[in-house]
Amino acid sequence: MTPPDGTPPHSAQPDERKPRPTLRSAGDLAACGLIAPSDTAAIARVAERYAIAVPPTLAHAIGSGGPSDPLWRQFVPTTAELTTTPEERVDPIGDEAHAPVKGIVHRYRDRVLLKPQHACPVYCRFCFRREAVGPGKEALTAAELDAAIAYIGAHPDIWEVILSGGEPLLLSARRLADIMQRLSNIPHLGAVRVHTRAPTAVPEAIDADLVAALRTPIDRDKATFVVVHCNHARELTAPARAAIARMVDAGIPVLSQTVLLRGINDDAATLEALFRALVRARVKPYYLHHPDLAPGTAHFRVPIAAGQKLVATLRGPVSGLCQPAYVLDIPGGFGKVPIGPSWVHEETDGVTRVADPDGRTHLYPPKAG
Ligand SMILES: *Cc1c(COP(=O)(O)O)cnc(C)c1O
Ligand code: SF4
């Protein structure tokens with residue numbers, strides 16, 4: 001089948017020389033061999049509910065991998081998404097309750113999310129905002145963006161703005177520079193953070209103009225931090241690593257956030273390889289998120305106890321640079337908290353017991369003599 005823009009259909013062996021478009025429908029996925037042709041109708045039903053996008057870099061990285069492949073599982077829809085469980089919620093982390101003006105989420109005293117637009121370059125099948133993101137979801141109008149920035153300017157407690165969405169780096173360099181400039185003009189802001197999927201999904205978007213736009217706060221004596229969403233070492237393709245390097249080389253610190261996902265990265269060796277690959281690409285692993293209760297994502301969830309066990313395994317044998325904080329966004333809008341294993345056990349008589357990475361416990365302070 002030929003996509004409407006007249007580009008040639010995909011073959012199972014992508015041709016490196018021709019620019020390949022983003023796959024956006026069940027038909028596109030079938031045409032390039034990512035789903036079986038006989039599944040097209042069923043996956044089209046999933047697409048009616050949740051947007052599909054697999055950009056060329058990721059389609060290529062998936063290659064001929066099927067449902068057991070960690071990249072396939074992240075980006076290719078399945079009918080499991082049509083099953084919603086009772087504990088799942090449309091707004092799993094309670095953004096709605098903390099939205100004083102459109103495009104702003106103000107849950108914590110010193111920082112807000114600013115969501116200029118709601119499209120993403122790839123639609124992750126486990127997305128925590130899957131009911132809010134998608135190609136049909138509107139971006140902020142110029143007036144709404146003005147009102148959002150005015151809100152930030154009027155609240156001196158706000159020290160940090162986190163551009164989120166949707167994908168902030170899908171904005172043109174000109175529009176991003178404009179937003180960064182206006183934020184940099186707010187005296188009480190110390191930092192602008194950008195939460196992005198672009199480095200692994202559309203690395204080519206991170207060009208010199210976009211990097212210059214990201215640097216705007218730095219040139220105005222404030223900080224820019226970029227936080228890259230990345231769940232598996234294989235997402236760090238050569239183009240993705242080059243995109244990250246363009247930002248780091250420009251003096252922009254880059255951190256990562258990873259979602260713990262069943263069948264994708266829920267084993268110690270996979271997480272260790274991911275965190276090492278990130279650090280090697282000069283990215284500091286920041287958060288390992290316990291998956292949120294987004295609709296149709298039960299097949300991705302792992303128990304908290306399993307996550308704690310995994311995280312505990314890495315402590316000791318693996319470099320401290322490779323240790324993100326394991327966090328849970330408490331459903332209902334109560335905030336993010338660390339849920340990693342506890343190494344400290346308080347005793348009633350005031351003596352503290354501390355576990356070591358090899359599983360022994362020790363008194364602190366040690367017994368005299
Ligand atoms: C996750 C989140 C933040 C950022 O939290 P940090 O712990 O500073 O990374 C800020 N605001 C909202 C609403 C969030 O969900
Ligand atoms: S990039 Fe983020 S917001 Fe977009 S689909 Fe993936 S998880 Fe959701």
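**Close-up views of a predicted model**

**View 1. Asp221 in the loop between helix H8 and strand S5.** At a relative accessibility of 76%, Asp221 counts as exposed, because the cut-off for that class is over 50%. In this predicted model, Asp221 lies in the loop that runs between helix H8 (208-219) and S5, and its phi is near 70°, a positive value in a residue other than glycine. Most residues other than glycine have a negative phi.

**View 2. Arg282 in the loop between H10 and S7.** Arg282 occupies the loop between H10 and S7, and its phi, near 70°, is positive although the residue is not glycine. With a relative accessibility of 43%, Arg282 counts as partly exposed.

**View 3. Ser256 in strand S6.** Ser256 belongs to strand S6 and, at 1% relative accessibility, counts as buried. Neighbours within four places in sequence left aside, Ser256 is in contact with Val227, Val228, Leu278, Val283, Lys284, Pro285, Tyr286 and Tyr287.

**View 4. Ile152 in the largest nonpolar core.** The largest nonpolar core has 58 residues, of which Leu114, Ile152, Val161, Leu163, Leu176, Leu183 and Leu214 touch the most other members. Not counting residues up to four places away in sequence, Ile152 touches Ile104, Val112, Leu114, Ile158, Val161, Leu183, Ile186, His188 and Leu189. Another core, of 26 residues, lies apart from it and includes Leu23, Leu34, Leu58 and Cys124.

**View 5. The largest pocket.** The largest pocket holds about 850 Å³ of space. Its lining consists of 42 residues, and those closest to its centre are Phe128, Arg129, Ser164, His195 and Gln257.

**View 6. Two cis peptide bonds.** Gly165 and Gly166 are joined by a cis peptide bond with omega of about 10°, and Gly166 is located in the loop between strand S3 (160-163) and helix H6 (173-184). The peptide bond from Tyr364 to Pro365 is also cis, with omega near -5°, and Pro365 sits in the segment after strand S12 (361-364). Most peptide bonds are trans.

Key
Residues are numbered from 1 along each chain as its sequence is written. Chains are lettered from A and ligands numbered from 1 in the order in which they are written. This is a predicted model: local features need pLDDT of at least 70, side-chain atom pairs count only at pLDDT 80 or more; totals for chains, interfaces and linings use all residues. Side-chain values use heavy atoms; hydrogens and water are left out. A nonpolar core is a set of buried Ala, Val, Leu, Ile, Met, Phe, Trp, Tyr and Cys residues joined through side-chain atoms within 4.5 Å. Buried means under 20% relative accessible area, exposed over 50%, partly exposed in between (1.4 Å probe, protein chains only). Contact means heavy atoms within 4.5 Å. On a 1 Å grid over the protein atoms alone, a cavity is a set of points where a 1.4 Å probe fits but cannot get out, and a pocket is an open set with protein on both sides within 12 Å along at least five of seven lines; lining residues have an atom within 4 Å of a point. Grid points are joined across faces, edges and corners, and a volume is the space filled by probe spheres set on the points. Helices (H or I, at least four residues) and strands (E, at least two) are DSSP runs, numbered from the N terminus.
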